[in-house]
Amino acid sequence: MTRRTRVVVLAPALVGLGALFAWAIAGLPAFGDYRGPYGYVLNRIVVPLRHTTNVVMGTNFDVRGVDTMGEEFILYAAVVGVTLLLREETKGRRVERRTQRLRSDTVRLGGVLMVAAGFLVGIWLMAFGYITPGGGFQGGVVAAGAILCIFLVGSHRDYRPFRNEHAFDPLEAVGTGGYVVVGLTALVSGSAFLTNLFGYGTTGTLRSSGSIAVLNWAAAIAVTFAVLLLFAEFLETYDRPLAPEDT
Amino acid sequence: MSYLPYAVAAWICLVGIAGIATSKNLIHLAVCLSVTQSASYVLLLAVGYVKHGKAPIFVGLKLGSKAVDPVVQALTLTDVVVSLAVIGLILALALDAHRLAGTVDPDRLHEAQG
Amino acid sequence: MIPLQIVALALVALGAPLVVLTRDPLRQALVNGIYGVSLVCLFVVLEAPDPALSMLAVSGIGYPLVIVAAVARVRARDRGREDE
Amino acid sequence: MTWIPPLLVAIPLLAAAVIAGLDHITPAPIQHAIVLAASTATTVLAFLLLWSAESHEVVHWFGGWKPRHGLALGVDFAVGPLAAGMCCVIALVVTLALVYSLTYLHQAARLADALLLVALGAMCGFAMSGDLFNLFVWLELMGVSAYALTGFLVERLGPVQGAINFAITASVGSYLFAIGVALLYARTGTLNLAQIGQTLSHGRSGGLAIVAMTLLFCGFLVKGAVVPFHLWAADAYAVAPAPVCAVLGGVMTDIGLIGVARLYWTTFVAIDPGHAVGSVLLWLGCVTALLGGVMAFLQRHLKRMLAFSVVSHIGVMLAGIGLLGTSGLAGAELMFLAHALLTAGLFFVAGVLHADHGTIDELRLRGCGRGSWVPAAAWLAGTIGLVGLPYVGIYLGHALIDERAPGWAVAVLWLGSALSGAALLRAGARIFLGWGDPDDPLLGKPFDENPHQHGVVRPLLVAVAVATVAAGVVISVVPGLGQRAEYAATRFESRRGYAERILYGRPLPSPSPLLIATRHTSLSSLLFGAGSAVFAAGLAAAGLRKRKEIPAPVRVLHALHSGVVGDYVTWVIVGTTVTGAAWALLLR
């Protein structure tokens, strides 16, 4: 189809889809009128049963923990896939490399401070995820971003020690595989897969929630290194020398 | 007025799809895809909202007080991760296409057809 | 429905077409970031701090990094091809 | 035996994590051993699960969150004989593909193995899951791994474009699916399929449920490559490496259909007292079978031809599901078994041809296959199995679908099978016998070929191909299989029984002992099967002759499969709107 034909075909179809949406919306309960029961029940039972104060994380890592296992593997498969797909783009990346040194110590210091601050925020988000808002995914992305700041404010050389998939791949696998291992542990001990086995501890403290905490950390490790690898693959393509002017 | 959030979600979805179908650049298209997906976040969260409810985090909030649905929030979190994974893959493919065909315009890739 | 929610919804509803209509990818990355922030605001007023944080992380760090890296790569190669 | 279902997901996923994580550290033989051990263990466990699911639904509640007072809290895997049978075939085909890829894939092969294992886990999870959002998670997981696998050969534009078209079209489909999930959740306040069905059966549902159903089904149909959502399939399957094609074309496409059947019989049957949903599915199935067959006949690229043959058989299976009855569903199930194995086997043979000659273009290969009798025999056997000659390959499944289908539909469906079979026969005759003209403008332009494979162990490839085809050919005559498929379908269709079992743990009535005999079919099916085989042979012979002019409709068909992803997304939206409108009119 030419672009014009496509627009001509698409426009009425979109109008029709919009009409279907409108029909569906007319049957929805009014905004703010959530009827439950699923959410209400979980809000009631998760805190007393699992001693976690953040019910969203309790849902993510315990009640619907298997969804999150799938989610970690989606990220994992994406990283493996991106590595696979960009292998031609990043070929020969270790052969030639621009080495540009940082110009001023102030920028360097600022960068280090930013990195440290970002990293701390990331860790904090991970650590308190099952008590206050936050959790493995958010913390992981922030921490990975902070580590990458070294690349952005610094030079490639400074960044280079961090870019070593020989070290990152196993670490990511530890996080992602660790999630499955926690699930299997429960299965081997005779309970259902991903059953919360460890003691639940005191509500509202870091030592609460049992395996929610463990899974949260597994997810945090998995996400940090997955995101780091994902970004690194893309930054490597940028890094690779291209045209005569670059080499 | 009480249907406004749902209507906004539907609107985002349609706008995103229109962007995908007419895009001339795969990078632009990947972003449009993430816009389309954001419709499902908005719809999920709107559907689970409770009037005068608080966030389902029971720190300084008495157990049993009115709180919004935690399930839709858990689903949204998973959805967000999916979108990052998919956008990463499509951008990687876009770079490959650009290396091989010299263009990121999906209409000008002419290898597979018929 | 409280006024803040209406404002956030309006921002999101306006943001989506802006992202789609920005055809230049680099500028679009920026507009998409703003759209992401409007989504974050919406999530906050919908009492969803967890999704808001993850949206913030993704639209503040995740999307921009991959998009900018991809755009930079494409432009660098286009320049290289023109030179040849 | 409730411990088996999670293992079918956990073992392959864990193995995938180990493989990719240790990519640079462990030597290749150990990696191979881990990969094959994981997939073999999954296969064995799947068969064990099939055996234990015979008498009752095996239910596993993750995290031990069992339902309370009929209210589902956690996520469940609920496995009846049908789901368990699916898992067996999926695991078997993936294992065969992994054995095949031992010497077939080289560069970055470990990453491909890891992705195949991820796909295996995701497909098993999808087949077993009893939770709406959990289905979405597995759908996305198999999608993400499949997109990357499709683009495996990044040195060529074809694979990259195929992967782009696949990734974008399928993503649009799954985002529509996600919106459907949100709508249904808003209406019912639960994500458990059994409980959604319970809630929908009380009170009026109106437009909301119909639209949600449209979005959910269309999301599945995109993955299932049903017309008009099928356009990505040929682009993707034509370019992936042969073992990946075997998995994508053999089992992953069909997964979308099992999703449709599962959702219908657990939930939407409650809003469909007149069984009106089925007529739309039947129509879609017939159109798909016919168009897939015609398009297969117009191809010269073997894998693209096989991709369209997959599309045409998907159409037959969808029609079977659309009949909304025991025999239709059982037929679809049996067809899935035979079709998965035969298609995978033919993709394997195509891989052998590519390894031998560096091309899989029918016209370029003309006469090249003379003397390779084993691949030739496998190709012929696979083709006959897919045509549906009585009591060979897909025949039994096709015949069970015939029992309930209206006459016109039976004719159309057999015609679809015959057309795609004719294409495969024609290609076989050209390649292995050297018959026919060396050129035919009807079949379009030549394609850019993937690079030549080096270092393959040919006997291994041939052995895997022959074993796969042989397993597929005998499906129709395995004693007792037909009766078991019908019993599995009865179990699958009982919404009340399923809900009671899932939500209240009530046992099902124990089944009466099943016959162990070959299932007999009606006379008309026998005639149709034989007729279809004769017709396919005749058409293949006619197709060997070169045509001077290309008919206008053929040009239109080629133009519709444009390879432009914007078009594909447009057709997805058109398809969704039209099916939604049809259901709106029928169900309102």
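User: Which residue stands opposite Ala78(D) in S2(D)?

Analyst: In this predicted model, Val59(D) is the residue opposite Ala78(D) of S2(D).

User: How many bridges join strand S1 of chain D to S2(D), and do the strands run parallel or antiparallel?

Analyst: Four bridges join S1(D), residues 58-61, to S2(D), and the two strands run antiparallel.

User: Which residues of S2(D) point one way, and which the other?

Analyst: Asp76(D) and Ala78(D) point one way from S2(D), residues 76-79, whereas Phe77(D) and Val79(D) point the other way. All of these residues are buried. As background, side chains in a regular strand alternate between the two faces of the sheet.

User: Moving to the domains: what does the assignment give for chain D?

Analyst: The assignment gives domain 1 as 1-129, domain 2 as 148-271 + 560-588, and domain 3 as 279-445 + 522-548.

User: How far apart do the C-alpha centres of domain 2 and domain 3 of chain D lie?

Analyst: Those centres lie 24 Å apart. The contact takes 25 residues from domain 2 of chain D and 29 residues from domain 3 of chain D.

User: Which helices supply the domain 2 side of that contact?

Analyst: Helix H9 (231-239), helix H10 (242-266) and helix H22 (565-587) of chain D each supply at least two residues of the side of domain 2 that touches domain 3. H10(D) gives the most to that side, with 12 residues. By class, the residues of this side of domain 2 are 18 nonpolar, six polar and one charged.

User: Now the chain contacts. Which chains share the most?

Analyst: Of the five pairs of chains in contact, chains A and D share the most contacts. Their contact takes 57 residues from chain A and 63 residues from chain D.

User: Which helix of chain A gives the most to the side that touches chain D?

Analyst: H4(A) gives the most, with 15 residues. The helices of chain A that each supply at least two residues of this side are H1 (3-26), H2 (38-50), H3 (55-63), H4 (65-85) and H8 (165-188). The side of chain A that touches chain D has 33 nonpolar, 14 polar and 10 charged residues.

User: How many residues does the contact take from chain B and from chain D?

Analyst: That contact takes 37 residues from chain B and 40 residues from chain D. On the side of chain B that touches chain D, helices H1 (4-22), H2 (26-47) and H3 (70-101) each supply at least two residues. The largest share of this side, 13 residues, comes from H3(B). Its residues divide into 24 nonpolar, nine polar and four charged.

User: How far apart are the closest C-alpha atoms of chain C and chain D?

Analyst: Those atoms lie 14 Å apart, and no contact joins chain C and chain D.

User: Back to chain B: how many helices and strands are there?

Analyst: Chain B has three helices and zero strands, and its elements run α-α-α from the N terminus on. Its radius of gyration is 19 Å, well over the 13 Å that the globule rule gives for 114 residues, so chain B is more spread out than a compact globule. The C-alpha trace of chain B spans about 60 × 30 × 20 Å along its principal axes. Of the 114 residues of chain B, 75% count as buried.

User: Is His52(B) buried or exposed, and what about Glu47(C)?

Analyst: His52(B) is exposed, because it has 9 other C-beta atoms within 10 Å and the cut-off for exposed is 12 or fewer. Glu47(C) counts as buried, because it has 21 C-beta neighbours inside 10 Å and the cut-off for buried is 20 or more.

User: What is phi for each, and where do they lie?

Analyst: His52(B) has a positive phi near 60° and is a residue other than glycine; it is in the loop between H2 and H3 of chain B. Glu47(C) has a positive phi of about 60° although it is not a glycine, and Glu47(C) lies in the loop between helix H2 (25-45) and helix H3 (49-83) of chain C.

Terms used
Residues are numbered from 1 along each chain as its sequence is written. Chains are lettered from A and ligands numbered from 1 in the order in which they are written. This is a predicted model: local features need pLDDT of at least 70, side-chain atom pairs count only at pLDDT 80 or more; totals for chains, interfaces and linings use all residues. Domain bounds come from an automatic or database domain assignment. Two residues are in contact if their C-beta atoms, placed from the backbone, lie within 7 Å. Ala, Val, Leu, Ile, Met, Phe, Trp, Tyr, Cys and Pro count as nonpolar, Asp, Glu, Lys and Arg as charged, and the others, Gly among them, as polar. The radius of gyration is taken over C-alpha atoms; the globule rule is 2.2 Å times the number of residues to the power 0.38. Two strands pair if DSSP finds at least two bridges between them.
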